Amino acid sequence: MNLGDCLRAACVILIWGLNFVVIKIGVAGMPPFLFAALRFTLIALPAVFFIKPPGTKLYLLVFYGMTISFGQFALLFLAIRLGMPAGIASLVIQSQAFFTALLGILLGERLRFYHLLGFSIAGAGMCLVGMGSGGTSDITILTMLLTLLAALCWGLGNLANKLIMLDKRSPVNGLSLVVWSSLVPIVPFYLCSYIFEGKDVIINSIANIHVSAFLALLYLVYISSYIGFTFWSDLLSRHESWRVAPLTLVVPVIGLASSAFFLHETITHQQVIGAIIVFAGLFLNMFGGRFMSALSPVRFFWGQKK
């Protein structure tokens, strides 16, 4: 990656690391499905009247919207509303990196042994962070499963993003994709809100919206979506999935730190060690190829000497 791409990646990591604190604040003042419905309504409107639609196949646009937008955030918002700590949620959902890399095989992308080793090390670090929650009762099998399913939806959305961006016959702008794909989950989210949260709750929540929930919506719309997902789509379009997806493994470090600072969630020593292990796995995944290239002359010389 060049310097510009590295800066974009750093922005995404910081923005999405703070996401989980913002979501926790948002769903504390508003039901999760309604909160998500309003988020995507604000992303799409009025922007669709000023931004050209992406020149991609309709089924890919729908698949992208239903996975990375509806599936991911419906499950994630629900998990956090049911008590999943924001910091731990920021960690568990990064298993999307593994799902994305594995799904990338369907597009002919190759995984080498150091990629798998890096994923394994980072995965062990993630498990260590999760187990180091100090016995938090809010982490249940249900909230963990919901967050993992959200990560799978994110991985499927990344696959759709890759297919859309690889279609050279119709180049797609990242912002256009974010805006127009946001039309897809609006109706499903409002239906879920009506069925599971009720008409009275919807009316009351909108009429008496908390300032904190409103500010959370603005952050998720204009910073997390417009900036974060536009940069993310651009990075995925120009780099291999295995190179881009693992970058989000750094997000939990920001998520845990910001959750501790703003929400007073406790970070244990075990979680700190786990975060360091995640970094080690990420480092191996990103730079393992260079180490192998650097070591090849040494292996050749050693073999000749023997």
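Colleague: What makes helix 11 count as kinked, and on which residue is the kink centred?

Modeller: In this predicted model, helix 11 has a kink of about 35 degrees, centred on Ser224. The bend is the angle between axes fitted to the seven residues ending at a residue and the seven starting there.

Colleague: How do you know that the span of helix 11 agrees with its number of residues?

Modeller: Helix 11 covers residues 211-238, which is 28 residues, and at 1.5 Å a residue it should span 40 Å. The C-alpha atoms at its ends lie 39 Å apart, so the two values agree.

Colleague: Which angle and distance describe the pair formed by helix 3 and helix 8?

Modeller: The axes of helix 3 (residues 58-81) and helix 8 (residues 174-181) cross at roughly 70 degrees and come within 9 Å.

Colleague: Why is helix 3 called roughly perpendicular to helix 8?

Modeller: Angles of 65 to 115 degrees count as roughly perpendicular. The crossing angle is roughly 70 degrees, and therefore helix 3 is roughly perpendicular to helix 8.

Colleague: Which residues make that contact?

Modeller: Helix 3 contributes Leu61, Tyr64 and Gly65, while helix 8 contributes Leu177, Trp180 and Ser181. These residues divide into 4 nonpolar, 2 polar and no charged. Gly is counted among the polar residues.

Colleague: What pattern does the protein chain follow along its sequence?

Modeller: The pattern is α-α-α-α-α-α-α-α-α-α-α-α-α-α, with 14 helices and 0 strands.

Colleague: What percentage of the residues of the protein chain count as buried?

Modeller: Of its 306 residues, 54% count as buried, the criterion being under 20% relative accessible area.

Conventions
Residues numbered from 1 in each chain as written. Predicted model: local features only at pLDDT ≥ 70, side-chain atom pairs only at ≥ 80, totals over all residues. Heavy atoms only, no water. Axes fitted to C-alpha atoms, helices over the stretch in contact; angles between N-to-C directions. Helix = DSSP H or I, 4+ residues; strand = E, 2+ residues; numbered from the N terminus. Parallel < 35°, antiparallel > 145°, perpendicular 65-115°, else oblique. Contact = heavy atoms within 4.5 Å. Expected span 1.5 Å × (residues − 1). Buried < 20%, exposed > 50% of the residue type's maximum accessible area, 1.4 Å probe, protein only.
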